[in-house]
Amino acid sequence: MSRDIASLKKLILIVFTLISLIGCESNKKRYQKSDRPNIIIILSDDMGYSDITPYGGEINTPNLESLALNGIKFTQFYNAARCCPTRASLLTGVYPHEAGVGHMTNPPSDMNGHNYGLPEYQGKLSSNVVTISEVLKQAGYKTLMSGKWHLSFFDKNQWPLQRGFDKFYGFISGAGNYFKPDFPRFIFEGNEKIDIKDENYYTTDAFTDKAIQFISEAITDNKESPFFLYLSYNAPHWPLQAPKSEIDKYRGKYLNGWKNLRQQRYNRMIEMELIDPKWNLSYDDIVSWESLDKPKQKEMDLRMAIYAAMIDRMDQ
């Protein structure tokens, strides 16, 4: 009797395996025949979700607002507090520790709070996980990336082209000068460092232009093959830098202080039914705006104006 049961189990396993293989083959044919949508993920860096107009913010973002009005707005969101662990989760679909970026991206020799000599804190993307670009590439997608990587710097095996992207332009590191990217935060195209000589260079514009170029080339090369674009801005991550013309649009708009600003956003979010009016605004333990002298208030207004200008320019 036990021998018969064992044989039956083997038979069931063989049948299941055959069905799985047939399913994989049919899926492959379905991918080849069906209309596969082009996919674009746009990521901003260190931005509060209530900064933009679709979520109650005062910063002028008409393009994002148009997308929100004609699409779906999510009202629940989680991140991993730091940008590189969050990116690791976004691109792999697993928790950042499983992706190898439990804290920050640093070389194995850095044991100063960034790399603990453990797989979960190895300071770079793990080879034991797959990226969305690697999966989509197998499904026949052209995979494109423009912007900030920040998932490995010292190990080129974990750079974009080595992790499923056909084309890459941007920062490998976590931040850099928006106008004049320089050592050690260079701009790379593919795996090669490039020198920026354009006096009007601004990373937000450059990342956008390169993304459009990549899409145009992908469509021209093969209209039948869909594309996946990961447009990963470094804005509005530090350093706070924006063209003066954009900054001037917001100068003076934040002189009423941060307490009034957060209350205004909170009220708009209730009006937009993004949050339940029963949810009270978080307690206020920040420094009183009125306690600052006039020069300091003007400085804070300028800082926020630059931050707003970075987001405005990104929306443009």
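Q: How many strands form the sheet, and in what order?
A: Bearing in mind that this is a predicted model, 6 strands form an open sheet, and they are arranged in the order 1-6-2-3-4-5 with mixed pairing.

Q: And which are the edge strands?
A: Those are strand 1, at residues 39-43, and strand 5, at residues 192-194, each of which pairs on one side only. From one strand to the next, the twist averages 15 degrees.

Q: Which helix packs on the sheet, and which strands does it touch?
A: Helix 3, residues 83-92, packs there and touches strand 1, strand 2 (142-148) and strand 6 (227-232), with its direction at about 170 degrees to that of strand 6.

Q: Strand 3 and strand 4, then: in what sense do they pair?
A: Strand 3 (residues 167-171) and strand 4 (residues 187-189) pair in the antiparallel sense, over 3 bridges; within that pairing, Y169 has E189 in strand 4 as its bridge partner.

Q: Switching topic, where is H150?
A: H150 lies in the loop between strand 2 and strand 3.

Q: Is H150 buried or exposed, and why?
A: H150 counts as buried because its relative accessibility is 7%, and the cut-off for buried is under 20%.

Q: What is H150 in contact with?
A: Leaving aside neighbours within four places in sequence, H150 is in contact with C83, C84, R87, M104, T105, I172, S173 and G174. With T105 there is also a polar contact of 3.4 Å, which joins the side chains of the two residues.

Note on methods: Residues numbered from 1 in each chain as written. Predicted model: local features only at pLDDT ≥ 70, side-chain atom pairs only at ≥ 80, totals over all residues. Heavy atoms only, no water. Pairing = 2+ DSSP bridges. Helix = DSSP H or I, 4+ residues; strand = E, 2+ residues; numbered from the N terminus. Axes fitted to C-alpha atoms, helices over the stretch in contact; angles between N-to-C directions. Contact = heavy atoms within 4.5 Å. Buried < 20%, exposed > 50% of the residue type's maximum accessible area, 1.4 Å probe, protein only. Polar contact = N/O pair within 3.5 Å; in protein donor to acceptor, adjacent residues only side chain to side chain.
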